[in-house]
Amino acid sequence: MGGIFINYRRGGHEHVVHRLYRELTGNFGEDQVFLDRQSIVPGQQYSDVLRERVADCEVLLVVVHPGWADARDEATGARRLDLETDWVRREIDQALQDGKTVIPLFLDGAEPPTAEQLPERIQKLEVKNGQWLRQGAYDSDLAELIAALEDKVSKTWEPIPPPSPPYRPGRWLGVVTAVLSCAVLVTVPALPQDDGWVRTDGLPFTLYATMFSCLLMLAPLIAVTVVRLLFRRPLDIWERDLHAVKHQTYVRQTWPLAAGLLLIAVFGALSMWGDGGTLASFALLLVLGFAIVRTAALNIRLQRRENDLWERWPHCLPAPATRMVLRRAVARLDLRLREMRTPLSREQREKARWELADLSKALRRVTGEAERSRRAWLRQDHPWLFGFYALWLALTAASALASGLAFSRAEHGTTRVHVALAIVTLIGAALALATAELGHRLQRRQRTQLVREARDRIDKLAARVTTLSTHARTKPSAPAPRPEEYPEPD
């Protein structure tokens, strides 16, 4: 357990000792400061507790008041320090023998004891450098004492580990994608096709599939282009603002809008389908109901996570950390520092500085992620999307190959037809590559902008921690509530 043990003698100076106890617990925490009447639980055997806590402490504070060395036993008149049963003497003796740090604390009017006034076993107390605690200079004296104690009392907190990283497929996904792509390239051209299209001047259905696939590939490219070129600034501002709020607020602001737009688009399309649209609409409602239930469960779980991040800190950031996680961590630390009173306690300073260092480390990782190659970005951030696009391109190429075989069987397989099919296939590949290129550039710009923005805020937060820590490290008689004792606002 460690910490600070306050050694004192009863007799008129308890109010100073109790004030000192409140000040030290406000800075180090109640579990780090021991004072007999406040720290011993009723029913415990005080002699055993005192010996255990002296053996476990890191610093023993000996409160020396006027007449401390000559205090007498009321029953016998003997000097208390000469009695082997005196607990003040026992605690000092045990701390000196165990090699603990012993600091004499002199109150107003007290004189440092001489070797002649001390029993032989505690005469080392004479050469221990002490600290004054004068009523007229209480704040400055206490600040010096706390500064000395902070170098000798070990911290009691540990950063909370990050949550388990999300599942990421390994090389098996690449193997499965390659096998399925080869199977598609072999199977689709081998499928039988009706030759009736030749007599009706029609086209093979595989050609329609190839052209429709290329049109579909155009949709993601258009979406990424619109986001990157037309609505970049408003979307950046909206995203930056939403990233800084709690997950519950983020969901409340984004999910209904997205769901509403999706419902309007889908039901509008289904209404033009005729009678078949009714069954499809019912199926869609079932899917949306399942999605709403799943979203509600996810929201509850993430809300608990948000509450835990606020009440217990600091939490290690996950690796890799998303832009939303990083922005939220910076906003949460900013909010903590705004709620904290000056001067910061030792634990608050240590936690804030540790979290700033962890944020800086995460930003260095983000900087490295922005410099990744396109293949590494897709493989690490979008493995499933990478595999899906590979299968999509394989299916497009297989449909084009099947169309060429169909034209050849119908004796229409001219060079021009085969070149046109090859060009269509290349156009599909070019659309997929262009989408990946724009997505890669977009994420690189977003990461670079995040690093620049977050680094500036982290520097300001570090300066604020320094400012809050430079004043005299004293606490009011009643320590201020910790920021995590308040509910976290949006």
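A quick word on the model. It is a predicted one, where local features need pLDDT of at least 70 and side-chain atom pairs count only at pLDDT 80 or more, while totals for chains, interfaces and linings use all residues. Residues are numbered from 1 along each chain as its sequence is written, and side-chain values use heavy atoms, with hydrogens and water left out.

Back to our pair. Asp36 sits in helix 2 (residues 36-39) and Arg10 in the loop between strand 1 (4-7) and helix 1 (14-28), so the bridge ties together parts that are 26 residues apart in sequence. Helices (H or I, at least four residues) and strands (E, at least two) are DSSP runs, numbered from the N terminus. Asp36 is buried at 19% relative accessible area, whereas Arg10 is partly exposed at 41%. Buried means under 20%, exposed over 50%, and partly exposed in between, with a 1.4 Å probe and protein chains only.

The whole structure has 20 salt bridges. Another one joins Arg327 and Glu453, with 3.2 Å between the closest N and O atoms. Arg327 belongs to helix 12 (residues 323-339) and Glu453 to helix 16 (residues 415-470), so this pair connects parts that are 126 residues apart in sequence. Both Arg327 and Glu453 are buried.

Now for the rings. There are 7 aromatic pairs in the structure. Rings of Phe, Tyr and Trp (its six-membered ring) pair if their centres lie within 6.5 Å; planes under 30 degrees apart count as stacked, over 60 as edge-to-face and the rest as tilted. Trp172 and Trp384 make an edge-to-face pair, 5.9 Å centre to centre with 65° between the planes. This pair links distant parts of the chain: Trp172 is in helix 6 (residues 171-190) and Trp384 in helix 15 (residues 383-409), 212 residues apart.

What about Phe388 and Trp392? Their ring centres are 5.6 Å apart and their planes at 50°, so this pair is tilted. Phe388 and Trp392 are 4 residues apart in helix 15, about one helical turn. Phe388 is partly exposed at 47% relative accessible area, but Trp392 counts as buried at 14%. Ring pairs also bring in Tyr389, giving a cluster of Phe388, Tyr389 and Trp392.

Methods. Salt bridge = Lys/Arg side-chain N within 4 Å of Asp/Glu carboxyl O.
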